[in-house]
Amino acid sequence: MRLVRLRFKTGLHLGADRGGIGREKVQEIVHSDTLFSMLVNSYADIVSGNAEKIASLIDSIETLSSGFLFCEYRRKQFEYYLPRPLTDPVNFSGKHGKENKLRWHKELKRCLYIDRDNFSKWIRGEKISLVKFKNQGYQELFTINIRPQHARDRLTNASNIYHAGEMFFDKTAGIYFLIDGVEQGILKKILDNAAMKGLGGRRSLGYGVFDFEIEPPDDKWKPLFEGSGDNFIIVSLYYPMNLNALSPMAYSLVLRKGWTFSSVALGQFKRETCRMFGEGSIFANKPAGGLVNVAPKAIFSAHPVYRFGKALAFPCTVQETEDDAVLS
């Protein structure tokens with residue numbers, strides 16, 4: 001397993017799952033299928049479109065998390081953020097559980113990401129620091145600017161004004177992800193190439209250029225990977241290949257759509273839409289998942305266009321509460 005930190009030199013544009021009318025929203029998370037696309041297209045560029053080598057790389061990626069925020073609060077000391085679990089913490093059960101829920105439920109619901117220490121306690125069924133959620137540090141790690149943009153219709157020459165968002169990180173912050181299966185030398189070559197071309201949208205305008213660091217996860221990740229809970233929480237998108245084995249307990253669904261991008265084939269086409277389980281979803285059985293081909297089959301046959309739906313899951317303990325309501 002490798003941990004990769006991306007430090008962005010320019011603004012980053014990540015289109016939101018559900019955009020607004022006339023306003024292109026951005027999000028502060030890089031979904032695992034977006035990272036997969038970056039890695040595969042960068043490698044395709046390196047190997048000049050060699051289909052056999054590209055297929056070998058795709059097969060080698062065993063697990064891949066989504067990209068979440070991190071900050072370097074002291075030299076070589078990092079805080080990593082993870083998605084808030086979609087079940088209640090243990091603080092909402094037992095003595096004072098109802099009082100805690102009435103006081104803190106809305107506060108926690110507004111908090112999309114939590115620091116690694118609280119995440120680890122939450123999924124192990126231990127009490128978390130509720131006060132810490134009132135001023136979650138991750139919201140101070142970036143700013144989002146909304147800029148007006150001008151587009152002109154190629155046929156009618158009509159003008160259209162819309163607004164697009166761009167995300168800028170604090171100098172101590174960036175995006176990290178976890179990946180397993182790819183040999184480190186190849187991963188470095190892929191990221192060297194991708195770093196110059198950028199991540200996310202509007203790369204032709206210089207967005208998404210980054211520096212990167214690769215290292216093994218530190219010892220504080222071990223309790224997450226080696227947990228003993230009977231259930232599982234995902235920190236990636238998840239596309240189930242066997243619906244009969246599906247066992248969701250608390251989940252969100254993420255709509256995935258957009259346009260194809262290929263390093264080896266000309267043109268852009270609208271991809272087939274699919275829905276995937278979102279980060280923070282919890283399952284009774286360990287989810288596996290797989291690749292889903294979203295190529296527009298009627299008009300694009302150069303190669304498959306995959307969304308990465310293999311789940312990266314940590315063992316977790318689901319706390320039973322007196323009522324069935326959970327955070328969502």
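Select helix α5 (residues 184-197) and colour its buried residues, which are L187, I190, L191, N193, A194 and A195; buried means under 20% relative accessible area, exposed over 50% and partly exposed in between, with a 1.4 Å probe and protein chains only. Helices here are DSSP runs of H or I with at least four residues, strands are runs of E with at least two, and both are numbered from the N terminus. The model is a predicted one, in which local features need pLDDT of at least 70 and side-chain atom pairs count only at pLDDT 80 or more, while totals for chains, interfaces and linings use all residues. Residues are numbered from 1 along each chain as its sequence is written, and side-chain values use heavy atoms, with hydrogens and water left out.

Now show what covers the buried residues of α5, which includes β1 (2-8), α1, α2 (51-60), β9 and β10 (210-215); contact means heavy atoms within 4.5 Å. Before moving on, check the length of the helix: the 14 residues of α5 should span 20 Å at 1.5 Å a residue, and its end C-alpha atoms are 20 Å apart, which agrees, the expected span being 1.5 Å times one less than the number of residues.

Axes are lines fitted to C-alpha atoms, for helices over the stretch in contact, and angles run from 0 to 180 degrees between N-to-C directions. The two helices α1 and α5 are therefore roughly perpendicular to each other, a term for angles of 65 to 115 degrees, whereas those under 35 count as roughly parallel, those over 145 as roughly antiparallel and the rest as oblique. On the α1 side, select M38, L39, S42, Y43, D45 and I46, which meet I186, L187, K189, I190, L191, N193, A194 and K197 in α5.

Staying in α1, centre the view on D33, which counts as buried because its relative accessibility is 3%. Leaving aside neighbours within four places in sequence, D33 is in contact with L237, R256, M276, R307 and F308. A distance from D33 to L291, C-alpha to C-alpha, reads 9.5 Å, although the two are 258 residues apart in sequence.

Strand β4 pairs with β9 (residues 173-180) in the antiparallel sense over 4 bridges, two strands being paired if DSSP finds at least two bridges between them. The bridge partner of L69 in β9 is I175. Strand β4 is also joined by 4 bridges to β5 (residues 77-83), and these two run antiparallel. Here R74 stands opposite Q77 in β5, and in the hairpin of β4 and β5, with 2 residues between the strands, K76 takes a positive phi near 60°.

For the last stop, select the open sheet of 4 strands in the order β12-β15-β11-β18, with antiparallel pairing. Its edge strands are β12 (248-250) and β18 (313-316), each of which pairs on one side only. Between β12 and β15 (residues 282-283) there are 2 bridges in the antiparallel sense, and A250 stands opposite I282 in β15. Helix α4 (residues 116-123) lies across β11 (231-234) and β18, running at about 55° to β18.
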